[in-house]
Amino acid sequence: MNKKVSSLLFEIKEGLIISLRAIAANKGRSALTTLGIVIGIWAVVTMSTALKGIDIAFQNGVSSLGSDNLYIDKWAWFNPDTPWWELRNRRNISMDDYYRYKELAKLPIATAPSTFTRKTVKFRDNIVESMFITATTSDYIKTTNLDFSDGRFFTDMESKGGRNVIVLGSAIAEQLFPFGGAVGNYVDVGGRKMKVVGVLQKQGSWVMGDFNPDNQGYIPIEFLFKNFASRRKSITINVRAPNSQMVEAVKEEAIGVMRRVRGLTYNEKNDFSINQQEGILSQINKTVSVIQIGGFFITGLSLFVGAIGIMNIMFVSVKERTREIGIRKAIGAKKRTILGQFISEASIICLFGGLIGLVFAVITGMIINQWLPTSIQFDAVVLAILISLATGIISGFAPAYQASKLDPVDALRYE
Amino acid sequence: MENIISIEHIARIYQVGLEEVHALADVSLKINRNDYVAIMGPSGSGKSTLMNIIGCLDTPSRGIYMFENENVSQMNDNQLAEIRNRKIGFVFQTFNLLPRSTALHNVELPLIYAGLPKSVRLERAYEALEKVGLADRVDHKPNELSGGQRQRVAIARALVTQPSIILADEPTGNLDSKTGNDIMALFEELHETGNTIILVTHEEEIAQHAQRIIRLRDGLIESNEIVKERTLVGNNE
Ligand SMILES: Nc1ncnc2c1ncn2[C@@H]1O[C@H](COP(=O)(O)OP(=O)(O)OP(=O)(O)O)[C@@H](O)[C@H]1O
Ligand SMILES: [Mg+2]
């Protein structure tokens, strides 16, 4: 090691030791000073943890519904180009449309009709008010990635026969059967007795609300038509492409086939919409980026306030320790030594604050983990440490510079 | 006699509002190695100002100050800090120790700024504290020490870098006469072992310990005379 480098390292090391001594001598104030940084770092790490969780939850939710899926619907789900009254005036999509589409479309690996309703569901004293119910056929399960924790989906026979069978999402099953054992029991669905044949595995994504499989029940669509709704109700056709590269081709085919099924002439507009998960994803990304912007704004603000606080307290500290600075200068401390001492004091204080904030963030992360599948990200930890160091250096600079510039004679005379 | 300090026609002028205060008007003097000089004079005569300039804490408004044949008047802050660190040991009336640090750390501090490794620093700090009779107080903080002991720590700190000169601005000013005498005995011993000492004092008896007394008045040297009958504490005992 050359001499300059080693003497620089020596100065840095001794400077850090001096700063640590000074911080230890002013514990109370140092602790108070860190508060802003604690909050700032806590906020930034917690936010990134939560966002990561939201992201994972969405991904889970979307992929459990099948990420390569298309939904042929009377309605355009996201950002329709067509005005709503026009959408409203479209002919309903019927079960017949579905069967003809199923027959003609060659590319999809699975298709299923679906429609939704809400019913209150009871088992003994346990009630779920207006549960979201997907009514569909036995093919539906092939259009998704759903797994079962118990039982099975309804069979082709049960589906075609419109039998009184139901599959429950994990959260619903927990509410109705807190001690388990749902499969085989009959629940009351809007006044009808239905046999539970399966319980889905927990998806853990609250973000999708009603569409979250955890909060749903699934019944044969023929049962719905017999008991709850008119056969003329418009349905959604769920289409699963073999893989993501094929999604476009499946979509093209679907447009062609549906135009034929609906008997449209070449100059008539499509009277159906083809919806995609991407729509959901872009919606999600919008939400996430709003949270992100808000979060970074809050973090930035609290770090800024924290930095101002540190700067202020460092100024007070420099003022109070004027005599100490004078003594140090009298016995040979150079300007840069004093500058380094106060900057490293501010940085160490900020780093302590950052680490405390990190500890709080880890605890918060554990709490968030109950709702969102997430944990503290390694890069967030690195970022937190860098941010707190940078805050220390930036906020410590001005007070440190002031300290370094003090005239030793004046400083020694300071009372 | 080897010359350490040579001051020629220096002045130190403070601007206070529109008025110029000549803290030092025109001062010339020489200090040789192993001199023991007392500076006396009424309050406001410029004693501390002169000491600060000699100690490189301050620079003269005009005139030439040569320290060991180097022109201090032209040095920058960094060079001045280095001279203070290596060549000058300060002892102040108010001790000026770091209040929250132990005696040992206070004495070690100049050696940190000198860039010495820890083992050497501790050895020399112990040695210096031993020399001033505080070997058993190394871990005490200033507020756990008496005034005299604090001043000894300050002297140990001044000694520890083996400076060319020790500057003491009223070192006994805050001490009772018995303790003051002990401190003077310590200075005498330091002088006998080859150190160069400049001491500012109000008290004639204290000044009589020195070999030479320089008297200031209104920023000018009034007299500069050899002490004929020095008080030697060591001889009295
Ligand atoms: N920073 C300053 N600004 C203006 N005037 C100053 C300053 N420092 C000292 N003086 C003036 O310079 C003169 C000499 O001051 P100095 O402190 O050297 O006196 P002194 O001989 O040490 O006095 P004392 O015995 O009271 O300590 C005084 O008139 C003082 O008011
Ligand atoms: Mg004075």
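The centres of domain 1 and domain 2 of chain A lie 53 Å apart, taken over C-alpha atoms. Domain 1 of chain A covers 3–60 + 282–413, and domain 2 covers 68–276; these bounds come from an automatic or database domain assignment. The model is predicted: local features need pLDDT of at least 70, side-chain atom pairs count only at pLDDT 80 or more, and totals for chains, interfaces and linings use all residues. Residues are numbered from 1 along each chain as its sequence is written, chains are lettered from A and ligands numbered from 1 in the order in which they are written, and side-chain values use heavy atoms, with hydrogens and water left out.

Chains A and B are in contact (heavy atoms within 4.5 Å). Chain A gives 23 residues to this contact and chain B gives 26. The size of an interface is often given as the accessible area lost when the parts come together. Here the two chains bury about 2,200 Å², 59% of it on carbon and sulfur atoms. Buried area is the accessible area (1.4 Å probe) that two parts lose on being put together, summed over both.

Two salt bridges cross the interface of chain A and chain B. A salt bridge is a side-chain nitrogen of Lys or Arg within 4 Å of a carboxyl oxygen of Asp or Glu. Lys335(A) pairs with Asp77(B) in a salt bridge, at 3.0 Å from N to O. On the side of chain A that touches chain B, two or more residues each come from α1 (3–25), α11 (322–330), α12 (335–368) and α14 (408–413) of chain A. Helices are DSSP runs (H or I, at least four residues), as are strands (E, at least two), numbered from the N terminus. The largest share, six residues, comes from α11(A).

Ligand 1 lies between chains A and B. It is surrounded by 14 residues, the closest being Ser43(B), Gly44(B), Lys47(B), Ser48(B) and Thr49(B). A residue counts as near if one of its heavy atoms lies within 4 Å of the molecule or strand. From chain A, an N or O atom in the side chain of Arg413(A) is 3.5 Å from a nitrogen atom of ligand 1.

Over all chains, the count is 24 salt bridges. Glu86(A) and Lys269(A) meet through their side chains in a salt bridge (3.0 Å, N to O). Glu86(A) lies in helix α4 (residues 84–89) of chain A and Lys269(A) in the loop between α9 (247–261) and β10 (273–276) of chain A, so the pair ties together parts that are 183 residues apart in sequence.

Note on methods: Polar contact = N/O pair within 3.5 Å; in protein donor to acceptor, adjacent residues only side chain to side chain.
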